[in-house]
Amino acid sequence: MKIFSGTSNKPLAENLAKDLGIELSPLEVFIFPDGEKRIRILDKVLDEDVFVVQSTSKPADENYMELFFIIDALKRSGAKSITAIVPYFGYQRQDHQFRDGEAVSVKVVAEILEKVGINKLIALDLHSIKIEQAFDISVIHLSALSIFAKFIKEKVWDKNSTLVSPDMGGIRRIKILSKMLGDMPYSIIEKNRDLATGFVFANKIEGKIGKRAIIVDDMISTGETIDKAASLLKKNEAEDIVVFATHPVFSEIAPKILQESGVSSVYVTDTIFVPKEKRFPKLKILSVSELISTELKKNS
Ligand code: R5P
């Protein structure tokens, strides 16, 4: 087994290799003056099962292109099988046409990945089940919910806790987590987003809220969903609000919005590398490295 990493999330790839007791295999990423990249594999991969770690987070286009080139280089070097480990799968939100005339971006990137030559995809907390259906190859869909459940059980839980989904789209997720936590009560916020402006409205809460609200989401982008959910929860007597979200997509304004919001802590995972300038005091990062290495060990 050989593991290569693109440049988007090398710290996670390094931890993963460490968990597996191997070194990351070397590759060269040469950047031409106009920004184009040339990829060269610097290890022998002939007849090897090869894994490539690359989060296709911002800049998604660049990170995808880099991943495509790494896969192509591995194929041309004779790898037996290529598994793309994409901890954060970019372009997944557009999984169908919300409005006439739109592209279905997830289908496009899935088709390119297959065409360029991956045999399998490992991804985490995909936004919807439609994303797996965009692929013909096998998709292993892991979830950080087990990490959150363990952490909540050990460090956050008390009998006044309620899980909260900040929107209707998160119902499946919140039900699974509730089961993992021995049927912890949950409630759901009715949220609307203006598709043209991106503005978020948290309208009302379905279900009873305990003194501690634990919001769970798949990703945080602008932080608006969390901010609006926290304000609504505060109005409904929640005293402490903690957030768990798998993917710290974090647009430029998110750290400020989250730090100034009514939540006390924001737990995310390292599916996306968070640079120093985007870290803020309320932010805590949990690693998904063991979750992925356990999956790889199963198949080795
Ligand atoms: C929406 O369906 C997702 O689950 C997240 O709630 C959303 O992407 C978060 O975006 P933002 O942080 O910009 O509100």
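This is a predicted model: local features need pLDDT of at least 70, side-chain atom pairs count only at pLDDT 80 or more; totals for chains, interfaces and linings use all residues.
## The largest pocket

The largest pocket has a volume of about 1200 Å³, and its lining is made up of 44 residues. Nearest the centre of this pocket lie Arg 93, Phe 98, His 127, Arg 193 and Met 219. When the lining of the largest pocket is sorted by class, 18 residues are polar, 14 are charged and 12 are nonpolar.

Three elements, namely strand E9 (186–193), strand E11 (212–220) and H7, each supply at least two residues of this lining, and the largest share, four residues, comes from E11. Because domain 1 (2–142 + 290–298) and domain 2 (145–269) both give residues to the lining of the largest pocket, the pocket lies between them.

## The second largest pocket

The second largest pocket has a volume of about 280 Å³. Its lining consists of 14 residues, and those closest to the centre of the pocket are Leu 126, His 141, Arg 172, Arg 173 and Ile 176.

Helix H6 gives the most to the lining of the second largest pocket, with four residues. By class, this lining holds six nonpolar, five polar and three charged residues.

Thr 225 has its place in helix H7, which spans residues 224–235, and H7 is one of the elements that supply at least two residues to the lining of the largest pocket. With a relative accessibility of 9%, Thr 225 counts as buried, because that value falls under 20%.

Leaving aside residues up to four places away in sequence, Thr 225 touches Pro 166, Lys 191, Arg 193, Val 200 and Asp 217. With Lys 191 there is also a polar contact, in which the side chain of Thr 225 meets the side chain of Lys 191 at 3.0 Å. Arg 193, another of the residues that Thr 225 touches, is among the residues that lie nearest the centre of the largest pocket.

Conventions: Residues are numbered from 1 along each chain as its sequence is written. Side-chain values use heavy atoms; hydrogens and water are left out. Buried means under 20% relative accessible area, exposed over 50%, partly exposed in between (1.4 Å probe, protein chains only). A polar contact is a pair of N or O atoms within 3.5 Å; within protein, one must be able to donate a hydrogen and the other to accept it, and residues adjacent in sequence count only if both atoms are side-chain atoms. Contact means heavy atoms within 4.5 Å. On a 1 Å grid over the protein atoms alone, a cavity is a set of points where a 1.4 Å probe fits but cannot get out, and a pocket is an open set with protein on both sides within 12 Å along at least five of seven lines; lining residues have an atom within 4 Å of a point. Grid points are joined across faces, edges and corners, and a volume is the space filled by probe spheres set on the points. Ala, Val, Leu, Ile, Met, Phe, Trp, Tyr, Cys and Pro count as nonpolar, Asp, Glu, Lys and Arg as charged, and the others, Gly among them, as polar. Domain bounds come from an automatic or database domain assignment.
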